[in-house]
Amino acid sequence: MLLIGGMGAITAYGQFPDVVDSTFGNNGVAIFSPSATVNNNVGNAVITTNDGMLIAGTTDGAQDDIFVLKMDKDGNPDTSFFSTGKVVYDPQIGANDQVYHMDVQPDGKILLCGRTEGQTYTQCLVMRLNPDGTLDQTFNQKGWLTFVFIGNNNTARMVKWHDSIIYVACSSTVNNSAYIYMAALEDDGNYYSDFGLGGLEYLVVNNNDKEYFRDFEITANKEILFLGTTFDGVKTHQFVHKLDSTGKKINSFGTNGTYLYSTVNTSVALNAMDLGPDGSIYLGGFEKMGGDAAVIVKLTPSGQLDNTFASGNGKAFFNVTAKAENERFANIRYVNDTTIYLVGTYVDENTNKYALSVVYKNNGSLNTNYFGNGYEYFAAPAGYDFPTLDDIGLLSDGSIVLVGEAVDDNKGTDQVVLRKLKKYIPPTVSISKVIAGSNEVDVYPNPSNGVVRFKSDVELNNIKVVNSAGILIDETRLGAAMTYQFPAHAPTGLYYLVLNSAGKTYVEKIVLQR
């Protein structure tokens, strides 16, 4: 055990992409116009091999069409993709065609989903492109297909490839009723008959006709988690619903297969979901509290509010200031136990609008190593207004690209905006002014399989965990239990436990053996 004279003697910073990459675009920001004279609304973005990026969305001109952009890692158009790095598709000539989501298969083929207007009704649309952007003729013999399930207004909201099956989350409306269903397709576009009723499964939460889709995730064993909203006849709830690999409800999850997020606030939305490696469920959205407060919620793998998260509340609210302003999370991405990204918008008390990114740890506290306070917001570049962030792209070198939209002041149209943050490489730990021989703190067992216990004659407050390379991997409060659980992503090796107590700092060496 080592005792040092104060936290100033240790220099350790988390490896976060919290430095704007000025070499990317114009001082870290790049703007693209897939179709220059109309709005360009982003569906989502996917990082490809060699750290390229695909972005899909809709151009809403006289008739809506579908665009796909492909950029290289420096934010330049990838000329291997239709020579200009962009292409606009019009599957149903003369109809409004829209895309909401995209995924990339392991073979590089690109899946798109959305909707297309038929002569009398709107149908779900699924497309598949070859890596060069041409339509994949092996998919339904023409590269796209349409289908309906119920009613005259059907939309494919999200598509994901998993273990050779293409899963498509869909919604439909009939008059004032709203429904959610899932389609499962084989590689050639035919229905996957082992799922639901011939490849289609209707989602029932409250046995009513007011249910709306937000997001879905697929686990390693093909279990499917849905995020959405439902009306129970009295009020609207946010829900997470779980299906097995055949499309049947898993009753052991939540209460009879469903977790309901209940609140007294009438304005609440959980917009996006991601999963941790242990099966924990992270949700991001907003809830009205004076203004709209952004919120992150954590559920256990069994579908219960996690009472270890955010000091036992299970949810943490985020506000830039204490004033009645609006912060909303639009998307969430779990990276590791200390890095959970959320992106969205921030509107201050003067109605100025900013793009917002926030980083949390898996205990529900802000990771203040990110821009020094856990969050960053920025205005649109000159000539643009009203920026939003919709998606997060993680590059292999640890940098990130934030994807959203901004309004061109001259044209009044939405354009695609990318902002890149490069990985900050921290200095190594320097432990100085070491005073040996103190017996006030004991740490055991050592080696540890992940759980560490403390005996101390003094009250211990905070703990910082630093690996042998000097990188801070975690920081939290110990609490009354006097135990610490290593993050799941921490590998076997030597670590320093930096313990704070009443102005003194104790450093303990410990070996983690998984």
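Visitor: How many cavities of 30 Å³ or more does the structure hold?

Guide: The structure holds 1 such cavity of 30 Å³ or more (a set of points on a 1 Å grid over the protein atoms alone, where a 1.4 Å probe fits but cannot get out). Please note that this is a predicted model, in which local features need pLDDT of at least 70 and side-chain atom pairs count only at pLDDT 80 or more, while totals for chains, interfaces and linings use all residues. Residues are numbered from 1 along each chain as its sequence is written, and side-chain values use heavy atoms, with hydrogens and water left out.

Visitor: What volume does the largest cavity have, and which residues line it?

Guide: Its volume is about 60 Å³ (the space filled by probe spheres set on the grid points). The lining, meaning residues with an atom within 4 Å of a point, is made up of Phe24, Asp51, Gly52, Met53, Met71, Asp72, Lys73, Gly75, Leu395, Val401 and Leu418.

Visitor: And the second largest pocket: what is its volume?

Guide: That pocket has a volume of about 780 Å³ (a pocket is an open set of points with protein on both sides within 12 Å along at least five of seven lines). Its lining has 30 residues, and Thr308, Asn362, Asn363, Thr476 and Gln485 are the ones that lie nearest the centre.

Visitor: Which strands each supply at least two residues of that lining?

Guide: Among the elements that do so are β34 (472–477) and β35 (483–485) (strands are DSSP runs of E, at least two residues long).

Visitor: Changing topic, how many aromatic pairs are there?

Guide: There are 19 aromatic pairs in the structure (ring centres within 6.5 Å). Such pairs join Phe318, Phe329, Tyr346, Tyr354, Tyr375 and Tyr377 into a cluster.

Visitor: Where does a charge sit over a ring?

Guide: Lys142 lies over the face of Trp144, 3.9 Å from the ring centre (NZ of Lys or CZ of Arg within 6 Å of the centre and within 35 degrees of the ring normal). Arg419 places its charged end over the ring of Phe378, at 4.0 Å from the centre.

Visitor: What about phi at Ala310 and Ser311?

Guide: Ala310 has a positive phi, near 55 degrees, and is not a glycine. Ser311, likewise not a glycine, has a positive phi of about 60 degrees. Ala310 lies in the loop between β22 (291–299) and β23 (315–318), and Ser311 lies in the loop between β22 and β23 too.

Visitor: Is Ala310 buried or exposed, and is Ser311 buried or exposed?

Guide: Ala310 counts as buried because its relative accessible area is 9% (buried is under 20%, exposed over 50%, with a 1.4 Å probe and protein chains only). Ser311, at 75%, is exposed.

Visitor: Lastly, where is Thr229 found, and what is it in contact with?

Guide: Thr229 is part of strand β17 (residues 224–231) and is buried at 6% relative accessible area. Beyond neighbours within four places in sequence, its contacts (heavy atoms within 4.5 Å) are Lys210, Glu211, Tyr212, Arg214, Thr236, His237, Gln238 and Phe239. Its C-alpha atom is 8.0 Å from that of Ala269, a residue 40 places apart along the chain.

Note on methods. Phe/Tyr/Trp six-rings, centres within 6.5 Å; stacked < 30°, edge-to-face > 60°. Helix = DSSP H or I, 4+ residues; strand = E, 2+ residues; numbered from the N terminus.
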